Amino acid sequence: MRALQYREFGARPEVVEIERPVPGAGEVLVRMTASGACHSDEFIMSTPADQYVFAPLPLTLGHEGAGEVAELGPGTTGVEVGDSVLVYGPWGCGVCHSCAQGAENNCVDGISAPGIHRPGTMAEYMIVDDVRHLVPLGDLDPIPSVSLTDAALTPYHAIKPSLPALIPGTTALVIGVGGLGHVGVQLLKALTQATVIAVDINPASITHALELGADHAFASDTAAAERVRELTGGRGADVVFDFVGAEPTAALAQSTVAIAGQIVMVGVSTGAVTVGYLTVPFDVSVRVVNWGSRAELIEVVELARRGAIEIAVEEFAMDSAPEAYERLHAGTIRGRAVVVP
Ligand code: NAD
Ligand code: ZN
């Protein structure tokens, strides 16, 4: 079968021919119908060899997967061959207190995720270790649905606990309107009455945010904090979602958050908010999030089914998968790049 692999430190990923895996006891072989390209894959491929903590190379990339159940391992029950499914990505131990609540993303043992810690979704077939990591997709089209597993699940997990704060008259600031952020804007519009401000460094993403219903969208530059203050009557943003996580965006989050506001850090990079008596307004809280729970994935599938969110997708054939990552790297993808094996 064909797979997209990161094979050599610092090199770009390649489409290669590898053996089709065989499902073991309790496992499921899934024939992939779609796989999303996340900026976190770029993070993996930009990590220097001496700091690399992911699966040994070669690594089959991809942690957003949709597919059809192709074969059941010995003793596997709960799904049928032919079922259309999404793959829940953050695989936990399944038994700790977090996993018991379906929050495998917060497993105390850490997660083992396809495309990060084990072979991923960018292949014609993949092994899913347990049926609990499959969510039925029914008749939803897998190509626009595949990124529900991360590009929607992660912003949903970021936003959901902040919903009680996002009452009418409040403001949510979305920093970075790419794969995750463009769903973040839609979730905020669908689930709250807050004013949504979006900022990005890419003019196309700013336009995209406005098309998706953002109330205001503009450049994430040195004037951005002042504009947020102006638009909020000097108060600042009640909840700031940083979908970039770089130094300038963390600084923007810190300088725009309102008194008693919240900062939610989502982007995987080196940016940091400095929390202290003198550095943030009083009563501010900061949350750092990783992916989402199994229950939350079921919830975002329901939102997609109702048409409340729609992922903007640029489609690539497997042979063009390296190009999807070139474009992601260059910052020219609108929404999410999805590879169709
Ligand atoms: P993406 O490349 O699709 O989108 C990033 C967007 O941010 C782009 O529109 C880009 O123009 C914009 N941007 C870049 N620098 C900016 C800046 N300084 N100010 C404002 N906007 C800026 O990436 P993505 O796949 O949406 O991922 C976003 C981030 O979230 C990445 O860091 C990724 O690794 C991380 N991520 C985190 C989790 C998690 O669970 N915490 C899950 C998935 C992705
Ligand atoms: Zn991701």
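View 1. Leu-137 is buried, with a relative accessible area of 0%. This is a predicted model, and Leu-137 is placed in the loop between strand E8 (134-136) and helix H3 (142-145). Leaving aside residues up to four places away in sequence, Leu-137 touches Ala-66, Ser-84, Val-85, Leu-86, Pro-142, Ser-145 and Arg-305.

View 2. Three residues supply the protein donors of the zinc ion (ligand 2): Cys-38 through SG, His-63 through NE2 and Asp-150 through OD. These donors lie 1.7 to 2.3 Å from the ion. Read along the sequence, the donor residues are spaced C-x24-H-x86-D. Cys-38 and His-63 link distant parts of the chain, 25 residues apart. Cys-38 sits in the loop between strand E3 (28-37) and helix H1 (39-46), while His-63 is in the loop between strand E4 (59-60) and strand E5 (64-72). Buried or exposed? Cys-38 is buried, and so is His-63.

View 3. Ala-3 belongs to strand E1 (residues 2-6). It counts as buried because its relative accessible area is 0%, and the cut-off for buried is under 20%. Once residues up to four places away in sequence are set aside, Ala-3 touches Glu-14, Val-15, Val-16, Ile-18, Thr-60, Met-122, Ala-123 and Met-318. Take Thr-60 from that list: Ala-3 and Thr-60 are 57 residues apart along the chain, yet their C-alpha atoms are separated by 6.4 Å.

**View 4. The cis bond at Pro-58.** Most peptide bonds are trans. The one from Leu-57 to Pro-58 is cis, with omega near 0°. Look for Pro-58 in the loop between H1 and E4.

View 5. Most residues other than glycine have a negative phi. Ala-260 is not a glycine, but its phi is positive, near 65°. Ala-260 is in strand E13 (residues 257-265), and its 49% relative accessibility makes it partly exposed. Asp-283 isn't a glycine either, and has a positive phi of about 65°. Its place is in the loop between E13 and strand E14 (285-288). Asp-283 has a relative accessible area of 66%, so it is exposed.

**View 6. Stepping back to the whole chain.** The protein chain comes to 10 helices and 16 strands. Its radius of gyration is 20 Å, close to the 20 Å that the globule rule gives for 341 residues, so the chain is as compact as a globular protein of that length. Along the principal axes, the C-alpha atoms fill a box of roughly 60 × 40 × 35 Å. Of the 341 residues, 53% are buried. Among contacts between residues at least 6 apart in sequence, 68% join residues at least 24 apart. The chain exposes about 14,200 Å², with carbon and sulfur atoms supplying 53% of that area. As for charge, there are 19 positive and 40 negative side chains, and the centres of the two sets lie 4 Å apart.

Technical notes: Residues numbered from 1 in each chain as written. Chains lettered and ligands numbered in written order. Predicted model: local features only at pLDDT ≥ 70, side-chain atom pairs only at ≥ 80, totals over all residues. Heavy atoms only, no water. Donors = N, O, S within 2.8 Å, 3.2 Å for Na, K, Ca; no water. Helix = DSSP H or I, 4+ residues; strand = E, 2+ residues; numbered from the N terminus. Buried < 20%, exposed > 50% of the residue type's maximum accessible area, 1.4 Å probe, protein only. Rg over C-alpha atoms; globule rule 2.2 N^0.38 Å. Contact = heavy atoms within 4.5 Å. Areas by Shrake-Rupley, 256 points an atom, 1.4 Å probe, with all protein chains shown as cover. Lys, Arg positive; Asp, Glu negative; His and termini not counted. Charge placed at Lys NZ, Arg CZ, Asp CG, Glu CD.
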